[in-house]
Amino acid sequence: MRYCETCGLPETYKGIQIGEDGTCNFCKFYEKHQARLRDYDALEAFFASRAEAAKEEAKRRGSRFDCIVGLSGGKDSTYVIHQLRKKYGMRVLAFTLDNGFSTKFGTDNVRNALDKLDVEHIRVTPSEDILRKYYEKSLQLLKNFCGVCFHLMYYYAYILASQNGIPLIVNGRTRGQILQSAAAEKGIEPFEISQSLKEFEYQMFGRLVDKLDGHSCIDLLHGAQAESLSYFMYHKVSTEEMLEVLERDMGWKRPESSLPHADCWAHPIAEKLCLNKFGYPVRTGEMAVLVREEELTKDEAARILQGDRDAYAEVDPELQARFDARTRQRK
Ligand SMILES: [Zn+2]
């Protein structure tokens with residue numbers, strides 16, 4: 001097996017091309033744009049200008065909110081709402097997608113966050129049959145199911161923004177999640193800012209979104225316009241800093257395990273499916289971004305990923321049965 005000498009990604013990584021110089025296309029893209037991607041003063045100033053523009057636009061439209069944010073109960077989305085309220089003085093509408101996978105950790109945190117942040121909140125519960133149909137199809141065709149929640153989160157964000165005249169959607173995706181498949185500027189912040197659901201979903205589904213568009217199984221809400229920004233693309237904040245703020249201001253409780261996605265009980269299944277399909281853990285691409293950004297060494301990233309492999313090699317049969325019962329279509 002060959003690995004990128006710079007970031008450590010394996011030659012089996014989705015979309016990778018390792019050149020004769022031993023470096024991958026993702027590293028080359030990052031290196032080319034490094035100055036812009038690391039100029040946090042300019043990035044933050046850009047975010048601030050878009051936040052101000054959203055406030056102006058919301059006022060012009062007579063909207064009660066400047067922006068909308070999906071709140072999962074994890075640290076990232078909670079921190080984003082905290083900052084939008086305290087640092088940017090924005091009127092935030094929070095919403096939570098009830099996908100049937102939230103853990104007690106996640107739901108406790110949502111309750112606590114809403115109490116402390118004092119924001120209006122909407123809980124969206126999609127139709128059970130539609131949800132199951134999506135999960136079953138996604139498992140069959142794509143051999144994963146995370147894309148369903150991703151799609152539904154932004155689908156409802158665009159619906160709610162549209163209904164409430166909200167000009168801006170802010171999300172808590174990490175820089176690793178945004179840059180993990182960045183080999184060109186298309187669809188990648190800060191080079192391109194999405195103004196619609198279809199543009200936003202290009203980030204996750206790539207050209208598949210063109211194929212899905214117009215298909216009866218998916219509605220890309222043409223006509224619903226809102227700007228979409230990923231908070232962490234424009235702000236440099238370490239996990240530790242984030243947790244300190246959340247603990248201090250919100251009485252935040254850290255999850256017991258350091259494994260990712262403590263707000264989703266099905267995450268071990270997602271890892272197992274990823275290992276089966278690609279041979280590497282879910283956060284492989286995110287770790288490579290941290291290596292490129294010099295937050296981790298290649299060895300540290302490899303150790304973390306080995307930890308994921310060990311933790312997720314076997315799925316508890318009870319968890320698998322619970323997952324199957326949750327995602328199968330009802331007869
Ligand atoms: Zn690389």
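Predicted model: local features only at pLDDT ≥ 70, side-chain atom pairs only at ≥ 80, totals over all residues.
Are H12 and H13 roughly parallel or roughly antiparallel to each other?

Two packed helices are described by the angle between their axes and the distance between the axes. For helix H12 (residues 284–292) and helix H13 (residues 298–312), the angle is about 160° and the axes lie 9 Å apart. Angles over 145 degrees count as roughly antiparallel, so H12 and H13 are roughly antiparallel to each other. The crossing of H12 past H13 is right-handed. On the H12 side, the contact is made by Thr284, Met287, Ala288, Leu290 and Val291, while H13 brings Lys298, Ala301, Ile304 and Leu305. Sorted by class, this contact of H12 with H13 holds 7 nonpolar, 1 polar and 1 charged residues.

Now turn to another pair. Helix H3 (residues 75–86) and helix H4 (residues 104–117) cross at roughly 5°, and their axes come within 11 Å. Because of that angle, H3 is roughly parallel to H4. Here Thr78, Ile81, His82 and Arg85 of H3 meet Asn109, Ala113 and Leu117 of H4. The contact of H3 with H4 divides into 3 nonpolar, 3 polar and 1 charged residues.

Finally, let's visit a loop. Glu192 sits between helix H7 (175–179) and helix H8 (197–205). Glu192 has 14 C-beta neighbours inside 10 Å, so it counts as partly exposed. Setting aside neighbours within four places in sequence, Glu192 is in contact with Glu185, Lys186 and Gly187. Glu240 is 48 residues away from Glu192 along the chain, and their C-alpha atoms are separated by 29 Å.

Conventions: Residues numbered from 1 in each chain as written. Axes fitted to C-alpha atoms, helices over the stretch in contact; angles between N-to-C directions. Helix = DSSP H or I, 4+ residues; strand = E, 2+ residues; numbered from the N terminus. Parallel < 35°, antiparallel > 145°, perpendicular 65-115°, else oblique. Left-handed = near helix turned anticlockwise from the far one by under 90°. Contact = placed C-beta atoms within 7 Å. Nonpolar A, V, L, I, M, F, W, Y, C, P; charged D, E, K, R; others polar. Buried ≥ 20, exposed ≤ 12 C-beta atoms within 10 Å, placed from the backbone.
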